Structures are given as C-alpha cells and as structure tokens.
Amino acid sequence: MWYLLLSIIILIIIGIIRNIFILKNNIDDYNFISIYYERFNKFIDDGFKTKNINNGDYGWIISKSDKAQEILGEIGIISNPPFDRLYNNVPLILNFVNNIISMLNEKYISENTIQFIEWCQTAFLRKLGVLDEIIDKNKKRLFNPFYNLTIGIKLILETPIYLLY
C-alpha cells in the first residue's frame, strides 16, 4: 500500500518538474519574441526615417530570424498572392528579413513593403497572445495533481522511446 502511494507521489513530483521546464521554455519564447518584436520595430522605424541601416541591429535581426521563425511556427507562415500567383507556406520572417535592405533602400515605400511589415507585426502580436494564454494555463496546471500525475506517467512511458531515438 505504501509503495503505491509513494509511487503516485513520485510521479506527481516528476510531473511538476516537467511542467516547470515546459513553463520555463514558454516564458523564454515569450521573452525572445517580445525582444525581437521591439528590435524589429525599432530597426524598421529608424531605417525608414533615416534611410541608414544600423549594422548591429541588422546583424542581430538576421542572426535571430531563424529562431524567431521557429517560435512563430504556423503563425509565421503565410500564403502570398503576388503577381496573380499563389505561393503557399511562405515563411514570413525569413523572406521579409532577406529583402529588408532592398525595401529600406527604395525611394518610395511600396504597398507591398507596408503589407509585409504589417504581416510581421501581426504575427509577432498573435504569437505573444498565444504564448501568454499558454503560460497562464501552464501556471494553473502546476497546482493540479491529476494533471501532474498524467504528465509524470507520460514522461516515464516516453523515456525508453527518447533513449532509443
């Protein structure tokens, strides 16, 4: 009887630890996207106002664009219909960041450039909202022993698969 109770308590503790790691990862993603969004907006504003490119900001935005695209996931993928063709599953951040220099050097700001900027800003804001909801749910789940028990059992059962993989 004691072994059963002790094993249930251990599984709940394992579930709590796993949920803490999940919550930490979600908070890290939220912080990264909010920092990227702020630096992206600052870079775009400064670039269009002065027509000069800050190499430090540009390098940071380029180097972190893959991570931002990965965190955005499906929110950062669009279907773009330019020139009467439909391009499906286009990674928004990666394609915009690749063309950012040419867009900033244009004499006049085109509608297409403004549309790309709006899409990027909308994707960042949507992902921040989604991550905010996920963080709130995970904080509530930390205090649910039944959920922690199921996560602990799931982790124990998945461990051999992870080791084989």
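Modeller: Happy to! Setting aside its neighbours within four places in sequence, Asn148 is in contact (heavy atoms within 4.5 Å) with Leu11, Ile12, Gly15, Ile16, Asn19, Arg141 and Leu142. Asn148 itself belongs to helix 7, residues 145-164 (helices, H or I, of at least four residues and strands, E, of at least two are DSSP runs, numbered from the N terminus). With a relative accessible area of 1%, Asn148 is buried (buried is under 20% relative accessible area, exposed over 50%, partly exposed in between, using a 1.4 Å probe and protein chains only).

Two notes before we go on. The model is predicted, so local features need pLDDT of at least 70 and side-chain atom pairs count only at pLDDT 80 or more, while totals for chains, interfaces and linings use all residues. Residues are numbered from 1 along each chain as its sequence is written, and side-chain values use heavy atoms, with hydrogens and water left out.

Now to helix 1. This helix has 49 residues and reaches 71 Å from its first C-alpha to its last, close to the 72 Å expected at 1.5 Å a residue (the expected span is 1.5 Å times one less than the number of residues). Just after helix 1, Lys51 takes a positive phi of about 60 degrees.

Let's look at the charged side chains next. There are 4 salt bridges in the structure (a side-chain nitrogen of Lys or Arg within 4 Å of a carboxyl oxygen of Asp or Glu). One of them joins Asp28 and Lys24, at 2.9 Å from N to O. Both residues lie in helix 1, which runs over residues 2-50, and they sit 4 residues apart, about one turn of the helix. Asp28 counts as partly exposed because its relative accessibility is 36%, and Lys24, at 46%, is partly exposed too.

Further along, the side chains of Asp46 and Lys42 meet in a salt bridge at 3.2 Å, N to O. About one helical turn separates Asp46 from Lys42, because they are 4 residues apart in helix 1. Asp46 is partly exposed at 35% relative accessibility, and Lys42 is partly exposed at 44%.

Arg39 is partly exposed, with a relative accessible area of 28%, whereas Asp57, at 12%, is buried. Put together, Arg39, Lys42, Asp46 and Asp57 are linked in a network of salt bridges.

Arg39 also lies over the face of Trp60, 4.2 Å from the ring centre (a charge sits over a ring if NZ of Lys or CZ of Arg is within 6 Å of the ring centre and within 35 degrees of the ring normal). Lys67 is placed over the face of Phe32, at 4.5 Å from the ring centre.

What about the nonpolar side? The largest nonpolar core holds 30 residues, of which Ile33, Tyr36, Ile44, Phe96 and Phe124 touch the most other members (a core is a set of buried Ala, Val, Leu, Ile, Met, Phe, Trp, Tyr and Cys residues joined through side-chain atoms within 4.5 Å). Helix 1, helix 2, helix 3 (65-72), helix 4 (92-98), helix 5 (100-104) and helix 6 (111-141) each supply at least two residues of this core. Helix 1 gives the most, with 8 residues.

Leaving out neighbours within four places in sequence, Phe96 is in contact with Phe40, Ile44, Met103, Thr113, Phe116, Ile117 and Cys120. Phe124 is found in helix 6 and counts as buried because its relative accessibility is 0%.

Helix 6 makes a fitting last stop. Its 31 residues reach 45 Å from first C-alpha to last, close to the 45 Å expected at 1.5 Å a residue. Its buried residues are Thr113, Phe116, Ile117, Cys120, Ala123, Phe124, Lys127, Leu128, Leu131, Ile135 and Asn138.
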